[in-house]
Amino acid sequence: IYDNLYSSLVLKTGRQVEKSTTLANRHITYSSLIPYFRSIYVSPTSKQTRRFSNDRLRKSIRSSDFIKKYYLDKTTTDQVFEKTLINNATIFLGYAYHTADSMRGLSGDMLNIDEYQDMLSDNIPVLKETLTASEYQIFAACGTPKTFDNPLEKLWQESTQNIWVIHCKHCDIHNRLDTEPEKMVTEDGLVCKNCGKPIDPRNGRWYSLQPQNRTA
């Protein structure tokens, strides 16, 4: 996920796989590299946004000696809903569950929406309007779907649907982690669902289910 500069990214995953950490790293990396870059983070609720701002974004920034040395000083802002760096890059943070009115009038170069499955469909076009004036227009949506009827699932169906498959060197098949995981997870680690022999999750690759689609 970190290896390419995707202009549009959809992460439909399980819980506790570092989705929010990935978004925080995207904000920090782009803001550090591009002066005056404006990025926007949105989640459904104020509580979720505050947690992301404090537990993910602030801790990542403050734990980096490089960022502290070259990108922070007394003039930079470190608030819950706004953070700035010396190069005049700004990270805006907001929430939009019942309404996206608080985000109207805001402009950015990158928009990251967390817990996308809980967003109201009517609010999403308003949020995406924040990118219309940017030359970058970088977008990412991530979350864990609870049903098959939600905005994240719709976005996933429009994407290239890249999944991680693990090759088995014993029987030469590729194992999908999202189908029949009960056959693969054992007390000793992952095994091939075909032959039952051990497989290494690092010995895998991305496989696109819908390569003709444009969204990664």
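## Exercise 1: the second largest pocket

Helix 2 gives the largest share of the lining of the second largest pocket, namely five residues. The model is a predicted one, in which local features need pLDDT of at least 70 and side-chain atom pairs count only at pLDDT 80 or more, while totals for chains, interfaces and linings use all residues. Residues are numbered from 1 along each chain as its sequence is written, and side-chain values use heavy atoms, with hydrogens and water left out.

Task: state which residues lie nearest the centre of the second largest pocket, and how its lining divides by class.

Solution. Begin with the terms: on a 1 Å grid over the protein atoms alone, a pocket is an open set of points where a 1.4 Å probe fits, with protein on both sides within 12 Å along at least five of seven lines, and lining residues have an atom within 4 Å of a point. Helices (H or I, at least four residues) and strands (E, at least two) are DSSP runs numbered from the N terminus. The second largest pocket holds about 350 Å³, a volume being the space filled by probe spheres set on the grid points, which are joined across faces, edges and corners. Its lining consists of 15 residues, and Gln16, Ser20, Arg56, Asp114 and Glu115 are those nearest the centre. Helix 1 and helix 2 (46-62) each supply at least two residues of this lining. By class, the lining has three nonpolar, four polar and eight charged residues, where Ala, Val, Leu, Ile, Met, Phe, Trp, Tyr, Cys and Pro count as nonpolar, Asp, Glu, Lys and Arg as charged, and the others, Gly among them, as polar.

## Exercise 2: the largest pocket

Task: describe the lining of the largest pocket by element and by class.

Solution. The largest pocket has a volume of about 700 Å³. It is lined by 22 residues, with Lys12, Thr13, Asn162, Trp164 and Trp206 nearest its centre. Two or more lining residues come from each of strand 1, helix 1 (19-33) and strand 7 (162-167), and strand 1 gives the most, with four residues. The class division is 13 nonpolar, five polar and four charged residues.

## Exercise 3: salt bridges

Task: find the partner of Glu153, and state whether Glu153 is buried or exposed.

Solution. A salt bridge is a side-chain nitrogen of Lys or Arg within 4 Å of a carboxyl oxygen of Asp or Glu, and the structure holds 11 of them. Glu153 pairs with Lys12, with the closest N and O atoms 3.2 Å apart. The pair links distant parts of the chain, since Glu153 is in helix 5 (residues 151-157) and Lys12 in strand 1, 141 residues apart. Glu153 is buried, at a relative accessible area of 7%, whereas Lys12 is partly exposed at 27%; buried means under 20%, exposed over 50% and partly exposed in between, with a 1.4 Å probe and protein chains only.

Solution. Lys83 is buried at 4% relative accessibility, and Asp78 is partly exposed at 30%.
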